[in-house]
Amino acid sequence: SGARSEITVPYDRSHEQVRVGEAVELLVLSDRPDFDEFVAVKEVYLPESDLWIAKYPTVNRSGFLDVSLEIERERSQPAPIDTTAGPASYQPGPAPGQQQYY
């Protein structure tokens, strides 16, 4: 979504592999259904580095990755085509057996 957040975690040597601008996936807590604002970052995953940054207790990471993959699959699928509606200028022709007048 492009949201920004800053987290502070204890130093760990593995964090040195994090690159500025690297994409991250977050598990956040929010009381808003659109997650426009969130109150806590619980888990950080950097897929390019395959690095997790979190405080104990951590989430079920295989479940986290399953959800992440499902979201990615949904995003990569083309939008379904609505075959019930034509373009705004579309006017259906006459029913079979009826004449059309102009």
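Tutor: Glu 25 stands opposite Tyr 45 in S2. This is a predicted model, in which local features need pLDDT of at least 70 and side-chain atom pairs count only at pLDDT 80 or more, while totals for chains, interfaces and linings use all residues. Residues are numbered from 1 along each chain as its sequence is written, and side-chain values use heavy atoms, with hydrogens and water left out.

Student: What makes S1 and S2 a pair?

Tutor: Two strands pair if DSSP finds at least two bridges between them. Strand S1 (residues 25-29) and S2 are joined in the antiparallel sense over five bridges, so they meet the definition. S2 also pairs with S3, again in the antiparallel sense, over four bridges; there Val 44 stands opposite Ile 53. S2 and S3 form a hairpin with four residues between them, and Asp 50 in the turn has a positive phi of about 50°.

Student: Why is Glu 43 called buried?

Tutor: Buried means under 20% relative accessible area, exposed over 50%, and partly exposed in between (1.4 Å probe, protein chains only). Glu 43 has a relative accessible area of 1%, and therefore counts as buried.

Student: Why is Val 41 placed in another class, partly exposed?

Tutor: Val 41 has 23% relative accessibility, so it counts as partly exposed.

Student: How do you know that the side chains of Glu 43 and Arg 61 make a polar contact?

Tutor: A polar contact is a pair of N or O atoms within 3.5 Å; within protein, one must be able to donate a hydrogen and the other to accept it, and residues adjacent in sequence count only if both atoms are side-chain atoms. The contact joining the side chains of Glu 43 and Arg 61 is 3.1 Å. A polar atom of the Glu 43 side chain also lies 3.4 Å from the backbone nitrogen of Val 59.

Student: What makes up the lining of the second largest pocket, by residue class?

Tutor: The lining divides into eight nonpolar, one polar and three charged residues. Ala, Val, Leu, Ile, Met, Phe, Trp, Tyr, Cys and Pro count as nonpolar, Asp, Glu, Lys and Arg as charged, and the others, Gly among them, as polar. Val 41 and Glu 43 are among the lining residues, and S2 supplies the largest share, four residues.

Technical notes
On a 1 Å grid over the protein atoms alone, a cavity is a set of points where a 1.4 Å probe fits but cannot get out, and a pocket is an open set with protein on both sides within 12 Å along at least five of seven lines; lining residues have an atom within 4 Å of a point. Helices (H or I, at least four residues) and strands (E, at least two) are DSSP runs, numbered from the N terminus.
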